[in-house]
Amino acid sequence: MKLKNILVNWSYADEELLEPYEWSDDDDLESIESVNLYKISKNQMYDMYYSQMHCMTDFEDKVVTFCDEHIVLVVEFDEDNQIFARSLVTYSDQLKIIDFIAKDSVVNIDYEVIEESYNKELGLTRFEREKKQFVTDEIEYLYLKSQKLFSKIYFEIFGHFEDSSEKMYQNIMKRIEKGYNSIHELLYKELIKR
């Protein structure tokens, strides 16, 4: 079955999918005039959402919409039938599509997972994820390239030094590994100054 005029925000290859509330005007937004819709299982949706994959099932077009009655995912395949880009849809389109496909049968898609992506950290906004990535990258860079500045920032945040730079690095990385909290914000404010 065909859908008409679906707004998407393409995320390429292994980029993280953005929820519609995170979309901004400078994203890769596109209105797709017409696209086929297929109902798939939750397991297939999980693989589509989180993995790079090669699809052996041939579809009529290179852009296809999949729904598992919870998630609606638009996928663009490349010439080798691997996922090139994907997008969620707006919440209003999602509700319409889920309702529309409810009575359809699940289509079995033949595919092979090439590589699994990391799961999105739930509960973080786009801006928090970007700041967290900046903090992680800067800490790694300073640890490798500027031990003096790395130690200074560690002391400013934690109020003491450890026996070794390696121990300080492990402490920071453990504290910033999950979620987004005041340590991330303090580090971000310190690191953005440099």
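This is a predicted model: local features need pLDDT of at least 70, side-chain atom pairs count only at pLDDT 80 or more; totals for chains, interfaces and linings use all residues.

Biologist: Let's start with rings. What makes Tyr143 and Tyr169 a stacked aromatic pair?

Modeller: Rings of Phe, Tyr and Trp (its six-membered ring) pair if their centres lie within 6.5 Å; planes under 30 degrees apart count as stacked, over 60 as edge-to-face and the rest as tilted. By this rule the count comes to 12 aromatic pairs. Tyr143 and Tyr169 are 4.2 Å apart centre to centre, with 15 degrees between the planes, and they form a stacked pair. Tyr143 belongs to helix α3 (residues 126-145) and Tyr169 to helix α5 (residues 165-176), so the pair links distant parts of the chain, 26 residues apart. Helices here are DSSP runs (H or I, at least four residues), as are strands (E, at least two), numbered from the N terminus.

Biologist: Why is Tyr143 called buried?

Modeller: Buried means under 20% relative accessible area, exposed over 50%, and partly exposed in between (1.4 Å probe, protein chains only). Tyr143 has 19%, so it is buried.

Biologist: How do you know that Phe155 and Phe161 are stacked?

Modeller: Their centres are 4.9 Å apart and their planes 25 degrees apart, and the pair counts as stacked. Phe155 is partly exposed at 38% relative accessibility, and Phe161 is also partly exposed, at 48%.

Biologist: What makes you say that Lys131 sits over the ring of Tyr188?

Modeller: The rule asks for NZ of Lys or CZ of Arg within 6 Å of the ring centre and within 35 degrees of the ring normal. The charged end of Lys131 is 5.0 Å from the centre of the Tyr188 ring and sits over it.

Biologist: On to the helices. Why are α3 and α5 called roughly antiparallel?

Modeller: Axes are lines fitted to C-alpha atoms, for helices over the stretch in contact, and angles run from 0 to 180 degrees between N-to-C directions. Angles under 35 degrees count as roughly parallel, over 145 as roughly antiparallel, 65 to 115 as roughly perpendicular and the rest as oblique. The axes of α3 and α5 come within 11 Å and cross at roughly 175 degrees, and therefore the two helices are roughly antiparallel. Contact means heavy atoms within 4.5 Å, and the α3 side of it includes Ile139 and Tyr143, while the α5 side includes Tyr169 and Met173.

Biologist: And why are α4 and α6 oblique?

Modeller: Helix α4 (residues 147-158) and helix α6 (residues 182-193) have axes that come within 11 Å and cross at roughly 135 degrees. They are therefore oblique to each other. Among the contact residues are Ile153 and Phe158 of α4, and Leu186 and Leu191 of α6.

Biologist: What is the handedness of the crossing between α3 and α6?

Modeller: The crossing is left-handed. The term applies if the near helix is turned anticlockwise from the far one by less than a right angle; clockwise would be right-handed. The axes of α3 and α6 come within 9 Å and cross at roughly 60 degrees.

Biologist: Now single residues. What makes Asn5 worth a note?

Modeller: Most residues other than glycine have a negative phi. Asn5 has a positive phi of about 50 degrees although it is not a glycine. Asn5 lies in strand β1 (residues 2-9), and at 52% relative accessibility it counts as exposed. Glu69 also has a positive phi, near 75 degrees, and is partly exposed with 33%.

Biologist: Why does Met48 count as buried, and what does Met48 touch?

Modeller: Met48 has 1% relative accessibility, so it counts as buried. Met48 is in helix α1 (residues 42-50). Leaving out residues up to four places away in sequence, Met48 touches residues including Phe66, Val75 and Ile109.

Biologist: And is Asn108 buried or exposed?

Modeller: Asn108 counts as exposed, at 67% relative accessibility. Asn108 is in the loop between α2 (91-101) and β8 (111-116).

Terms used
Residues are numbered from 1 along each chain as its sequence is written. Side-chain values use heavy atoms; hydrogens and water are left out.
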